[in-house]
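Visitor: I have a model open and would like to go through it piece by piece. Can you walk me through it?

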Amino acid sequence: MRDGLRGLTTRGRSFLAAAVAATISAGILGEKDLLRVAVLLAILPLLAAAYVGRSRYKLACNRSLDPHRVPVGANSRVVLRLQNLSRLPTGTLLLEDRLPYALGSRPRVVLERLGAHQASSVAYTVRADVRGRYEVGPLVVRMTDPFGLCELSRAFPSTDHLTVIPQVTPLPSVRLPGEYAGSGDSRARSVAVHGEDDAATREYRMGDDLRRVHWKSTARTGELMVRREEQPWESRATVVLDTRAYGHRGDGPTASFEWAVSAAASISVHLRQAGYKLRLVTGSGADVDASEAAGDGVLLDHLAEVRLDKVGELTTLVQRVRQRADGGLIIGLFGSVSTAEAELLAGLRGNGATCVGFLLDSSTWLNLPTKARAEADHAHGAAALAMLQSGWRVIGVDHGTGLPALWPQAARGSQGFALRAAMAETVAGGMR
């Protein structure tokens, strides 16, 4: 009842004020009929407060999202099902679901009446142009009596989450080099350990069992070597996403970083569909093994929330990849890098890995003067040449270039890009 009295509308409070005025007038004038009017005016808002206050705790709400994971720019349908658990019908209900700003304005829906134990469903759509994980809810229900004398709000505590994932672009099927073992296109079979003399070995990594040390290989190479465990016939790939804030340019959904995130999602899904055992490593700390059946969802959920790292460095990223490097194919998506940073990436080529790098010229996401553009092009060419010299296959990415058009270059190699980079370096050297 107290909550109902607090929820009296302006109309309800006016009724009570009129009842007080009529009571005072009836006492002064001695009019009993005026006193009856005062009682009637007072009873109406009190009954409305009791009615609304009683029914407010007998509502049940259920929310469902279809789907709960959508790509950028797609719609999701939100269905609200409200049920009256009371024996009394409700008054008019105003439903308002709380949404973050990125999903648009808060939807407001009016239900005129819910009968005893009656349920009703309403639906609305949301759309996000920025990836992320958004909270939908809680639902706020405003209840009122038929005369509009009392209004109360109730917030249902339950919330749901909508995950907006990067845009995944279908890629053409090409024959990729360097996968470690073969359910992929090259079908390169791993070598099993058959004996002491023909054992397949690799360099020792922290945490390896010392009982697996292969002493003959260690004596021959001068480095501690261990036997490989017998591997199944499978393809392996690692997708590496550079998240350094100073390596990317542009704002919002059209920024160079968003291109890289969408490319990482597209490549990851494409490789998993081709049968690869996939791993995703980002500069912000994510290290995702997508070998399970639900790997696509896990990958895309991580990429939905990945953000730029203002203090990230390529050294840390290289170390994180090497912690579990098992050869195979490494595909890197890098923002602008310096020549020194490009040389650091040579550390990823250990253990027989084939490295393919999509090198974004993030300066093309900006409008630069002619002189600044020439300097940026020179720096980009020098970094690409340094990566090429360290054994990377480099694919240059400019603003407006689509990933499907670039993807075949991952199979053909980067001879053309190497020639252009070398020519640019030669021309720049001649100008100096």
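**Overview**

Guide: The protein has 12 helices and 18 strands. Both are DSSP runs numbered from the N terminus, with helices being H or I of at least four residues and strands E of at least two.

Visitor: What should I know about the model and the numbering?

Guide: This is a predicted model, where local features need pLDDT of at least 70, side-chain atom pairs count only at pLDDT 80 or more, and totals for chains, interfaces and linings use all residues. Residues are numbered from 1 along each chain as its sequence is written, and side-chain values use heavy atoms, with hydrogens and water left out.

Visitor: How much of the protein is buried?

Guide: Of the 432 residues, 45% are buried. Buried is under 20% relative accessible area, exposed is over 50%, and partly exposed is in between, with a 1.4 Å probe and protein chains only.

Visitor: And what share of the contacts join residues at least 24 apart?

Guide: 72%, among contacts between residues at least 6 apart in sequence. Contact means heavy atoms within 4.5 Å.

Visitor: Where does UniProt put the transmembrane regions?

Guide: The unreviewed UniProt entry places the feature "transmembrane region" at residues 12-29 and 35-53. UniProt positions are given in the numbering used here, feature names are shortened, and annotations may be inferred rather than shown by experiment.

Visitor: What does the model have in those spans, helix or strand?

Guide: Residues 12-29 are 100% helix and 0% strand, and their end C-alpha atoms lie 26 Å apart. Residues 35-53 are also 100% helix and 0% strand, with the end C-alpha atoms 27 Å apart.

Visitor: Changing topic, which peptide bonds are cis?

Guide: The bond from Asp66 to Pro67 is cis, with omega near -5°, and Pro67 lies in the loop between β1 (59-66) and β2 (69-71). A cis bond also joins Gly137 and Pro138, with omega about 5°. Pro138 is in the loop between β7 (132-136) and β8 (139-144). Most residues other than glycine have a negative phi, and most peptide bonds are trans.

Visitor: Which loop holds His117, and what is its phi?

Guide: His117 lies in the loop between β5 and β6. Its phi is near 60°, a positive value in a residue other than glycine.

Visitor: What does Ser86 touch?

Guide: Ser86 touches Lys58, Ala116 and His117, leaving aside residues up to four places away in sequence. Ser86 sits in the loop between β3 (75-84) and β4 (93-97), and it is buried, with a relative accessible area of 4%.

Visitor: What is around Gln118?

Guide: Not counting residues up to four places away in sequence, Gln118 touches Leu82, Gln83 and Asn84. A polar atom of the Gln118 side chain is 2.6 Å from the backbone nitrogen of Gly115. Gln118 and Arg87 are 31 residues apart in sequence, with their C-alpha atoms 9.4 Å apart in space.

Visitor: How is a pocket defined, as against a cavity?

Guide: On a 1 Å grid over the protein atoms alone, a cavity is a set of points where a 1.4 Å probe fits but cannot get out, while a pocket is an open set with protein on both sides within 12 Å along at least five of seven lines; lining residues have an atom within 4 Å of a point. Grid points are joined across faces, edges and corners, and a volume is the space filled by probe spheres set on the points.

Visitor: How many cavities are there of 30 Å³ or more?

Guide: Two, from a search of the whole structure. The largest cavity has a volume of about 50 Å³, and its lining is Asp242, Thr243, Arg244, Gly283, Gly312, Glu313, Leu314 and Leu317.

Visitor: Last one: which helix is Ser266 in, and what does Ser266 touch?

Guide: Ser266 lies in helix α5 (residues 256-273). Ser266 touches Gln167, Val168, Thr169, Leu171 and Leu403, residues up to four places away in sequence not counted.

Technical notes
A polar contact is a pair of N or O atoms within 3.5 Å; within protein, one must be able to donate a hydrogen and the other to accept it, and residues adjacent in sequence count only if both atoms are side-chain atoms.
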